[in-house]
Amino acid sequence: MGSRVRRGAAGIGALTAIAVAVAATAGAPAAEPGRASGAGAARASAGAPALTLPAPTGRHPVGTATLHLTDRHRSDPWVAGQRHRELMVSVRYPATRDAGRFPRAPQMTRAEAAGFDGLNNFADHVPAGKVAWGATLTHAHQGAPVARPAGRRLPVVLYSPGAGDPRALGSTLCDELASRGYAVVTVDHTYEAPAVQFPDSRVAHSVMRAEMAKAQRTGRITELLEKVSAVRVADTRFVLDALDLTGRDAVLPPALRGALDLTAVGMFGQSAGGFTAAQTMHDDRRIRAAVNMDGVMGYTQRDDDPSHPSTVGRDGVDRPLLLMGMAGDDHHSVASWDAVWRHSAARGTWLRDLTLRGGRHASFTDAEALIPQIARQLGLSRKDVTEMIGTVRPERAVAAERAYVTAFFDRWLRGRDRGNLLDGPSARHPEVRFVP
């Protein structure tokens, strides 16, 4: 999720979320890679009420499967001596009507929740140890049977989270897309996310605090931002490769093998995840359409700084791109968005730039639904809530994001239009402004 610097003020945004996480946890002891931590926080929050996520609105129940993927052609870029890059990935999919017989998947495992409690971007407003992050359930049922239309495969949408965030923080939108017939593949970027738990109970904790501190000492912030982006893109491309494996090498559970249409792949993400979506589409022809939800697309700590552009900024893209920003963030105000917009428009690319009126950076994550509940539990002020998720009504923000993201992928992966929603302002969603 994160925060970035916008024209010298507290802003929103991309890879510099790492710096916010560093500041929030500067006095905390670093956890060793592969070792669980945060048990005290878990005990402290054990009595807190469980938070809930909005139920998806599509016609299908949702199923989910978890994958542990190992890239044997790449050593881990963050931990010296670790020969292979390991990732945890979730696949959400439309399930049959009896999905309710299967347990609902937690938003995070206990270890991941403890890691998130100790390292997240809400720390200025939400005290550690007060929220039962591990008690939240998604609306996806573990191992439920796949609902697959006869003779057809499921279009695929990849999701990358914001810098320093777990893949779990996009559960609302991912469950929604799955309920509407998509296979949604969410990726944790290991050693960047607060905590990633593997099936053998190893827990990989974030190393970003140490990486940011080193980059600040050596004046190599730009290089760190470039590395974070490159690692994320490499992770995503590896996941796409893995999904295509067949036979003895197949990584998907048997029920999903042959069910995914890897000729119809889109990608979306929030903050650095939105940058990852656009940059991966630039680098990999398999991505047919991308959504960037409030993510800077350059290697800079200021929204209005055009220096250190990415290749997607220098070249633009030639496939559909949807930008969705909080109030004040659009292709006129964010330098990297302007660069991508100009170079893409010159290539005749389909582009849209939408503003969520009254929204904040975290409005494009599960925080939109969770923060009001936390505020009631902890007695947070309206000012606290506004600084985290803005003034837009949460249910209206969630409805708008669901509508526009679904409409975008329906148009470009399925060839369907949902009432021309993407062609101009809608009275159903007055919170959304089309930026000319």
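Helices (H or I, at least four residues) and strands (E, at least two) are DSSP runs, numbered from the N terminus. Residue numbers start from 1 along each chain as its sequence is written. Local features need pLDDT of at least 70, side-chain atom pairs count only at pLDDT 80 or more, and totals for chains, interfaces and linings use all residues, while side-chain values use heavy atoms, with hydrogens and water left out.

Asparagine 292 counts as buried because its relative accessibility is 0%; buried means under 20% relative accessible area, exposed over 50%, and partly exposed in between (1.4 Å probe, protein chains only). A polar atom of the asparagine 292 side chain lies 2.8 Å from the backbone oxygen of glycine 295. Apart from neighbours within four places in sequence, the residues in contact (heavy atoms within 4.5 Å) with asparagine 292 include Gly269, Phe275, Leu323 and Trp337.

Strand β12 belongs to an open sheet of eleven strands with mixed pairing, in the order β5-β6-β3-β4-β8-β7-β11-β12-β13-β14-β15. Two strands pair if DSSP finds at least two bridges between them. At the edges are β5 (104–106) and β15 (432–434), each of which pairs on one side only. From one strand to the next, the twist averages 30 degrees. Helix α9 (residues 335–345) packs on the sheet and touches β12, β13 (321–326) and β14 (351–356). The direction of helix α9 makes about 150 degrees with that of β14; axes are lines fitted to C-alpha atoms, for helices over the stretch in contact, and angles run from 0 to 180 degrees between N-to-C directions. Elsewhere in the sheet, strands β3 (residues 62–71) and β4 (residues 85–94) pair in the antiparallel sense over ten bridges. Aspartate 71 has arginine 85, in β4, as its bridge partner.

Aspartate 315 lies in helix α8 (residues 311–315). With a relative accessibility of 37%, aspartate 315 counts as partly exposed. Beyond residues up to four places away in sequence, aspartate 315 touches His282, His343 and Arg347. Its C-alpha atom is separated by 9.2 Å from that of arginine 342, 27 residues apart along the chain.

The pLDDT (the predictor's confidence in each residue, from 0 to 100) averages 91 over the protein chain, and 89% of the residues score at least 70. Over residues 1–15 the pLDDT is below 50, and this stretch has 73 contacts in the model beyond near neighbours in sequence. For residues 20–42, pLDDT stays under 50, with 35 contacts beyond four places in sequence. Where pLDDT is low, the predicted coordinates should not be read in detail.

How values were computed
A polar contact is a pair of N or O atoms within 3.5 Å; within protein, one must be able to donate a hydrogen and the other to accept it, and residues adjacent in sequence count only if both atoms are side-chain atoms.
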